[in-house]
Amino acid sequence: MTRKVTILGATGSIGQQALDVARAHPEELQVVAMSAHTRIEQLIPLVQEFRPRFVAVHTVEQARVVRAQCPFVEVGFGEEALQDAASLTESSMLLNALVGAAGIRSTLAALQAGIDVALANKETLVAAGDLVLDAARVAKVKILPVDSEHSAITQCLQDAHSPTDVEKLLLTASGGPFRTASKADLLRVTVQDALAHPTWTMGAKISIDSATLMNKGLEVIEAHFLFDVPYSDIEILIHPQSIIHSMVQFRDGAVLAQLGSPDMRIPIQYALLGDQGRLAANWKRLNWSEVSQLTFELPDIEKFPAISLAYECGIAQKTYPAVMNAANETAVYAFLAGHIHFLEIVEIVRRVVEAHQAEVGMGLDEIFAADRWARETAQSLIAKRGL
Ligand SMILES: NC(=O)c1ccc[n+]([C@@H]2O[C@H](COP(=O)([O-])OP(=O)(O)OC[C@H]3O[C@@H](n4cnc5c(N)ncnc54)[C@H](OP(=O)(O)O)[C@@H]3O)[C@@H](O)[C@H]2O)c1
């Protein structure tokens, strides 16, 4: 049976690759809704190609433009339209490929509507992990990871008979563009340098997160929630070739790894259609004669303080991960706009986290209040910098 899927963030890196998966499997996947935020010119040909029933955009003007060029589709705008798309009754799966905490409400809307969520938007779990897992439990629906590391772990865990079989998760990381740079080199990093990831092509925010290694910190928290593994049993391993996407070490000493080309269409397809087996796809194969070596090293936590900060915030729980995430978003966009230096990104995040008094409750209101406070606090630290 054809799976009907909503793709939020269709104009982004993950969204576009998900549409490639839909092109490769027209019998198995039908796109019934999609969204864009700013890139309306890119959205229109996608709407004309995939003919979804519903499209969500950001502003009323954008909605007018899409309606004029695609009169066959229903178009909504604003936050409400995103949630309408996420909870569309004819859809059986949401691919949440939005970036940042902006994705939280859509994930919850889908789960509450009884719709499975293929989750690329890791910030959802970082900021609101407990709430999201509760919503999935209550509605008895699945959260399927899209991140290549978490997809790899999901695949390795097929062999686990019980949670106690798992000794530790080994999250691999390329190390980003500055793996071999000195601390002094990091003082001179430009936006262009930081966006140039050695193995993956991704959106701007995650590319900067990969350069600071905050992305790996976010993934540690994501793994904690997805696999219910304590932080002490989640280890980061730098693996510059990005061939092993992550590993699980079992209590008998065996280690299972999942390998493949660094191509996000493989984990996206696994999230969207993995329950139907390994459907044939002609994504690039690993050429073993070109893979001359697989190397591993521990991360340099002094050079990349985002890693320890993420573990600390994850362990502290409450609103700390939400605050870290929001401060990081603000600092990353300030770096991209040329307002702060590269090394200041994580420094600002740390200062915001240290100033935070955790909220008492842990509902969505507390999470969004903490998120707003963190953005304002980060913003005022950035403004004082006056670059
Ligand atoms: N790219 C990867 O390889 C990769 C791998 C693993 C995980 N992820 C995760 O997947 C998510 C998406 O990453 P990406 O690289 O695809 O990002 P991206 O290329 O920047 O795309 C983000 C998408 O979200 C939309 N968007 C941005 N801000 C929004 C807002 N405030 N409200 C509604 N929509 C908004 C964008 O719309 P417009 O483009 O129209 O503005 C775009 O469609 C992130 O959480 C990232 O960490 C990405």
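Let's start at Pro 71, which sits in the loop between α3 (60–69) and β4. Helices (H or I, at least four residues) and strands (E, at least two) are DSSP runs, numbered from the N terminus. Pro 71 counts as exposed because its relative accessibility is 67%; exposed means over 50% relative accessible area, buried under 20%, and partly exposed in between (1.4 Å probe, protein chains only). From Pro 71 to Phe 250 there are 179 residues in sequence and 55 Å in space, C-alpha to C-alpha.

A word on the model: this is a predicted model, in which local features need pLDDT of at least 70 and side-chain atom pairs count only at pLDDT 80 or more, while totals for chains, interfaces and linings use all residues. Residues are numbered from 1 along each chain as its sequence is written, and side-chain values use heavy atoms, with hydrogens and water left out.

**The parallel sheet**

Seven strands make up an open sheet with parallel pairing, in the order β4-β3-β2-β1-β5-β6-β7. Its edge strands, β4 (74–77) and β7 (143–145), each pair on one side only. On average, neighbouring strands of this sheet are turned by 25° against each other, direction ignored; the axes behind this angle are lines fitted to C-alpha atoms, for helices over the stretch in contact, and angles run from 0 to 180 degrees between N-to-C directions. Strand β3 (residues 54–57) runs parallel to β4 and is joined to it by four bridges. Two strands count as paired if DSSP finds at least two bridges between them. Within this pair, Val 57 stands opposite Phe 77 of β4.

Strand β8 (166–173) has six of its eight residues buried, so it is largely enclosed by the rest of the structure. With β10, β8 runs antiparallel over four bridges, and Lys 168 has Gln 249 in β10 as its bridge partner. With β9, the pairing of β8 is parallel and covers five bridges; here Leu 171 is partnered by Ile 236 in β9.

Helix α7 is largely enclosed too, because eight of its nine residues are buried. Its buried residues include Glu 149, His 150 and Gln 155. The buried residues of α7 pack against β7, β8, α11, β10 (244–250), β11 (255–259) and α12, where contact means heavy atoms within 4.5 Å.

**Helix α13**

Among the buried residues of α13 (residues 306–316) are Ile 307, Leu 309, Tyr 311 and Cys 313. The buried residues of this helix pack against α10 (204–212), α11 (214–227), β9 (234–238), α14 (320–336) and α15 (342–355).

**Salt bridges**

How many salt bridges does a search of the whole structure find? The search finds 22, a salt bridge being a side-chain nitrogen of Lys or Arg within 4 Å of a carboxyl oxygen of Asp or Glu.

| Pair | N to O distance |
|---|---|
| Lys 122 and Asp 147 | 3.0 Å |
| Arg 179 and Glu 297 | 3.2 Å |
| Asp 209 and Lys 205 | 2.8 Å |

The salt bridge of Lys 122 with Asp 147 links distant parts of the chain, 25 residues apart: Lys 122 is in helix α6 (residues 122–139) and Asp 147 in the loop between β7 and α7 (148–156). Both Lys 122 and Asp 147 are buried.

The salt bridge of Arg 179 with Glu 297 ties together parts that are 118 residues apart in sequence, because Arg 179 lies in the loop between β8 and α8 (183–186) and Glu 297 in the loop between α12 and α13. Arg 179 is partly exposed, at 30% relative accessible area, and Glu 297 is partly exposed at 32%.

Asp 209 and Lys 205 are separated by about one helical turn, because they are four residues apart in helix α10. Asp 209 and Lys 205 are both buried. Elsewhere, salt bridges that share partners join Asp 20, Arg 23, Glu 49, Asp 263 and Arg 265 into one network.

**A nonpolar patch**

Which residues make the nonpolar surface patch of about 370 Å²? They are Leu 259, Trp 288, Leu 294 and Phe 296. Patches are made of residues with over 30% relative accessible area and no salt bridge, with like charges joined within 9 Å and nonpolar side chains (Val, Leu, Ile, Met, Phe, Trp, Tyr) within 5 Å. Accessible areas come from the Shrake-Rupley method with a 1.4 Å probe, and for residues only the protein chains shown count as cover. Phe 296 lies in the loop between α12 (265–273) and α13 and, at 39% relative accessibility, counts as partly exposed.
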